[in-house]
Amino acid sequence: MIGRLCLMIFALGLSWPAAAADKLTVYTVNYPLAYFAERIGGDAAEVVFPAPQGQDPAFWEPSPEVIAAFQQADIILLNGAGYARWVEKASLPRSRTVETSKLFADRFIPADTVVHTHADGSEHSHGGFAAITWLDFSLAAMQAEAVATAMIKARPDQADAFSSRLTELQDDLAELDNQASKIAYSAVNQDIAMIASHPVYQYFARAYGLTIDSLVWEPEDTPSEKQWIDFDAFRAGAERAVMLWEATPSQAAAQGLADRGGVGTVFDPAGNRGEGDFLERMRANLDDFAAATTFE
């Protein structure tokens, strides 16, 4: 029966109904790009973000098997700005690889090189360019557009659907951008020293007119006396200090901050999957940031 059906379709010049294998296979190097691809692609795309939970995709090293899977994808989405440094060593097919930040490469923020040693002895460094581009929500919207453009090129028959979903996503990102602008406008008019536990908020600070000094602390570690001296230097007598943590800090770190009259807020960059989707996590970040920077 199946054989006769195949012959009939061939004889009549018909197309075989779209199957799961006909979906676009999209591999991404971070969760924001995976979220954008899922929103834009809908049922027409199978989006794969293989970095394990609990690891920073910017420094994660995939296995040869995972790299091979990237190489076979219909679309490979890179963040650019030096994010996911393993891609510099891998041979990825240029025709299917999209650097989503390419259109604003002239706006990358240089970053000082800092090598940080974790409590377990492992190291990573920050240098080259700041890479967490999507915390400027206007740049995130441009990255989403690059995702849609790649999908439309690969499946032009679905251009209208991709474009419609891109518009909805960009509307959501515009709301985040507007909310961030309002919160920042209120915050800059107060005597607040803003200090980040890690140098990941450069694009957020620039986009919304904030000054955020960066330490190189891991939230789970207990800060040393030298680290608290660095913190106090950044505070420099401001009426209030607000600490932006990438994740929930250790009890010792939170207590040390409270002892110094500081206020902590978790501002999750959402490089990896976590509780809630990208939009929910960014809204929570902004709500918590607003609460931390508002005082009588």
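## Close-up views of a predicted model

View 1. Helices (H or I, at least four residues) and strands (E, at least two) are DSSP runs, numbered from the N terminus. Axes are lines fitted to C-alpha atoms, for helices over the stretch in contact, and angles run from 0 to 180 degrees between N-to-C directions. This is a predicted model: local features need pLDDT of at least 70, side-chain atom pairs count only at pLDDT 80 or more, and totals for chains, interfaces and linings use all residues. Residues are numbered from 1 along each chain as its sequence is written, and side-chain values use heavy atoms, with hydrogens and water left out.

**View 2. The whole chain.** The chain has 9 helices and 10 strands. Of its 296 residues, 47% count as buried (under 20% relative accessible area, with exposed over 50% and partly exposed in between; 1.4 Å probe, protein chains only). Contact means heavy atoms within 4.5 Å. Among contacts with a separation of 6 or more, 61% come from residues 24 or more positions apart.

View 3. Two strands pair if DSSP finds at least two bridges between them. Strand 7 (residues 192-196) is joined to strand 8 by 3 bridges. Ile-195 stands opposite Asp-213 in strand 8.

**View 4. Helix 5 beside helix 9.** The axes of helix 5 (residues 159-187) and helix 9 (residues 278-292) come within 10 Å and cross at roughly 10 degrees. That makes helix 5 roughly parallel to helix 9 (angles under 35 degrees count as roughly parallel, over 145 as roughly antiparallel, 65 to 115 as roughly perpendicular and the rest as oblique). Helix 5 brings residues including Leu-173, Leu-176 and Ile-183, while helix 9 brings Met-282, Leu-286 and Phe-289 among others. By class, this contact has 10 nonpolar, 1 polar and 4 charged residues. Ala, Val, Leu, Ile, Met, Phe, Trp, Tyr, Cys and Pro count as nonpolar, Asp, Glu, Lys and Arg as charged, and the others, Gly among them, as polar.

**View 5. Helix 4 against helix 5.** Helix 4 (residues 137-154) and helix 5 pack at about 175 degrees, with their axes 9 Å apart. Helix 4 is therefore roughly antiparallel to helix 5. Among the residues that meet are Ala-141, Ala-144 and Ala-148 in helix 4, and Leu-166, Leu-169 and Leu-173 in helix 5. The residues of this contact divide into 14 nonpolar, 3 polar and 2 charged.

**View 6. Helix 2 in its surroundings.** In helix 2 (residues 31-41), 9 of the 11 residues are buried, so helix 2 is largely enclosed by the rest of the structure. The buried residues include Tyr-35, Phe-36 and Ile-40. They pack against strand 1 (24-28), strand 2 (45-48), strand 3 (75-78), helix 4, helix 5 and helix 9.

**View 7. Asn-272 in its loop.** Asn-272 lies in the loop between strand 10 and helix 9. Asn-272 is buried, with a relative accessible area of 8%. Not counting residues up to four places away in sequence, Asn-272 touches residues including Tyr-31, Phe-49 and Arg-281. The C-alpha atoms of Asn-272 and Ala-58 are separated by 9.4 Å, though the two lie 214 residues apart along the chain.
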